[in-house]
Amino acid sequence: MIEKNYPIPNRNKEMGQQVYEYINTLAKPLGSLGRLEEIAIELAEMKNEAFPSVSPAGILVFAADHGITEEGVSAYPQVVTKEMVHNFLDGGAGINVFGRQIDSYINIIDIGVANDIEHTSLINRKIRYGTANFYREDAMTRQEAERAIEVGYEQGSEMIKKGAQCLILGEMGIGNTTASSAILAVLSNSDVATLVGSGTGISQEILIHKTKVIKQSLQKRKPNPHDPIDIIVKVGGLEIAGMAGAMLAAATNRVPILIDGFICTVAALLAKEISPNAFDYMVATHQSVEPGHRIALNLLGRKPILDLDLRLGEGTGAAITFPILQSATLMLKEMASFDSAGISKKS
Ligand SMILES: O=C(O)c1ccc[n+]([C@@H]2O[C@H](COP(=O)([O-])O)[C@@H](O)[C@H]2O)c1
Ligand SMILES: Cc1cc2nc[nH]c2cc1C
């Protein structure tokens with residue numbers, strides 16, 4: 001069913017144990033840096049390094065359109081995807097601001113926007129001009145779904161070659177909460193109504209309509225819950241598949257994956273379905289307002305670090321959380337020990 005195997009190494013638990021013991025020598029009450037200590041251990045296990053670094057981060061924003069927008073499921077018109085890509089390229093979007101704040105690399109990738117975009121900084125890897133309307137037909141072909149994962153893998157690998165020490169995956173795609181909700185309903189085998197949300201901000205009336213559209217689409221398309229590629233083919237999104245591919249590249253290279261909001265977490269679930277080991281490299285950064293995000297994170301098995309009522313996407317929540325990961329690595333690198341600082345130990 002899955003044509004490609006990804007050689008993802010296991011996290012090094014022995015390294016984790018070593019770092020745990022080292023943290024206990026630092027000049028602070030035992031365990032007093034709480035989850036920061038857990039994060040430091042996890043990063044050390046992922047990178048197989050006692051003093052891991054997450055700087056610089058590499059941000060990849062995958063942009064694509066969704067044919068399902070024809071059914072009136074978003075608060076904004078499809079053309080906003082293209083307009084926001086221009087905004088990313090001009091440096092004015094939320095992710096640009098937070099990306100600059102953390103001195104990251106940032107690449108904007110057109111993996112399936114419905115319009116042509118001319119810009120020297122744009123990475124044009126367009127697979128098709130938006131997905132098909134999955135209420136009426138499959139979103140894409142199997143070849144396109146596999147290609148989207150491959151493009152993501154290539155983009156992730158390139159960013160890592162450039163020197164990124166962790167990847168932040170972001171997305172832009174009007175209508176992609178509808179695709180993500182459909183994917184999550186299949187993967188979690190739950191009722192659509194329990195996980196669907198207002199995305200960019202639709203009314204209660206449109207939310208009921210969106211729920212119906214997803215339910216009926218799933219009845220018609222019948223995605224195979226055991227075949228992640230088939231789920232992408234039937235109800236997926238090109239940017240969602242691209243993010244999953246980039247996550248597989250990160251995991252293959254022992255690079256931590258900073259998972260953003262609802263759409264990104266659904267991509268993480270797909271990556272985990274494709275290659276379960278990828279899970280070892282995933283850090284859930286924040287809890288989005290979108291109701292399906294809680295379900296997606298539970299299914300993934302990761303606890304988010306922040307809860308700031310965000311629902312923007314683009315990778316913004318992950319970029320905002322990045323300094324916390326950086327704090328964990330600096331704790332390891334720079335804190336003095338009881339011995340070096342001449343501090344008396346616990347009596
Ligand atoms: O990341 C999230 O949790 C999130 C939650 C709601 C909306 N979004 C963003 O909003 C867009 C999709 O919303 P919609 O209503 O058009 O499906 C898409 O561009 C996402 O980046 C993102
Ligand atoms: C303006 C705008 C910016 C976005 N960024 C991610 N999704 C978005 C949706 C809209 C509508």
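## Reading the model

Because the model is predicted, local features need pLDDT of at least 70 and side-chain atom pairs count only at pLDDT 80 or more, while totals for chains, interfaces and linings use all residues. Residues are numbered from 1 along each chain as its sequence is written, and chains are lettered from A and ligands numbered from 1 in the order in which they are written.

## The two ligand shells

Let's start with ligand 1, which has 24 residues around it, the closest being Ser 74, Gly 199, Gly 261, Ser 288 and Gly 313. (A residue belongs to a shell if its C-beta atom, placed from the backbone, lies within 6 Å of the molecule.) Strand S4 (166–172), helix H6 (176–188) and helix H11 (262–274) are the elements that give two or more residues to this shell; H6 gives the most, with three. Helices here are DSSP runs of H or I with at least four residues, strands are runs of E with at least two, and both are numbered from the N terminus.

Sorted by class, the shell of ligand 1 holds seven nonpolar, twelve polar and five charged residues. Ala, Val, Leu, Ile, Met, Phe, Trp, Tyr, Cys and Pro count as nonpolar, Asp, Glu, Lys and Arg as charged, and the others, Gly among them, as polar. Around ligand 2 you will find Tyr 76, Val 80, Met 84, Met 172, Thr 200, Leu 312, Gly 313 and Glu 314. That shell divides into five nonpolar, two polar and one charged.

## Glu 314

Glu 314 carries the UniProt annotation "active site", which comes from an unreviewed entry. UniProt positions are given in the numbering used here, feature names are shortened, and annotations may be inferred rather than shown by experiment.

Glu 314 sits in the loop between helix H12 (291–300) and H13. Is this residue buried or exposed? Glu 314 is buried, because 27 other C-beta atoms lie within 10 Å. (Buried means 20 or more such atoms within 10 Å, exposed 12 or fewer, and partly exposed in between, with C-beta atoms placed from the backbone.) Leaving aside residues up to four places away in sequence, Glu 314 touches Val 61, Ala 93, Gly 94, Ile 95, Gly 170 and Met 172. Contact means that the C-beta atoms, placed from the backbone, lie within 7 Å.

## Helix H2 and what follows it

Helix H2 (residues 34–47) has 14 residues and spans 21 Å from its first C-alpha to its last, close to the 20 Å expected; the expected span is 1.5 Å times one less than the number of residues. Ten of the 14 residues of H2 are buried, so the helix is largely enclosed by the rest of the structure. Those buried residues pack against helix H1 (13–23) and helix H13 (316–334).

Just after H2, Asn 48 takes a positive phi of about 55°. Asn 48 is in the loop between H2 and S1 and counts as partly exposed, with 15 C-beta neighbours inside 10 Å. Pro 56 lies in the loop between H2 and strand S1 (57–64), and a cis peptide bond joins Ser 55 to Pro 56, with omega about -5°.

## The sheet

Six strands form an open sheet in the order S3-S2-S1-S4-S5-S6, with parallel pairing. Its edge strands, S3 (123–124) and S6 (282–284), each pair on one side only. Strands count as paired if DSSP finds at least two bridges between them. S2 (residues 105–112) and S3 pair over two bridges, and Asn 124 in S3 is the bridge partner of Asp 110.

Technical notes. Contact = placed C-beta atoms within 7 Å.
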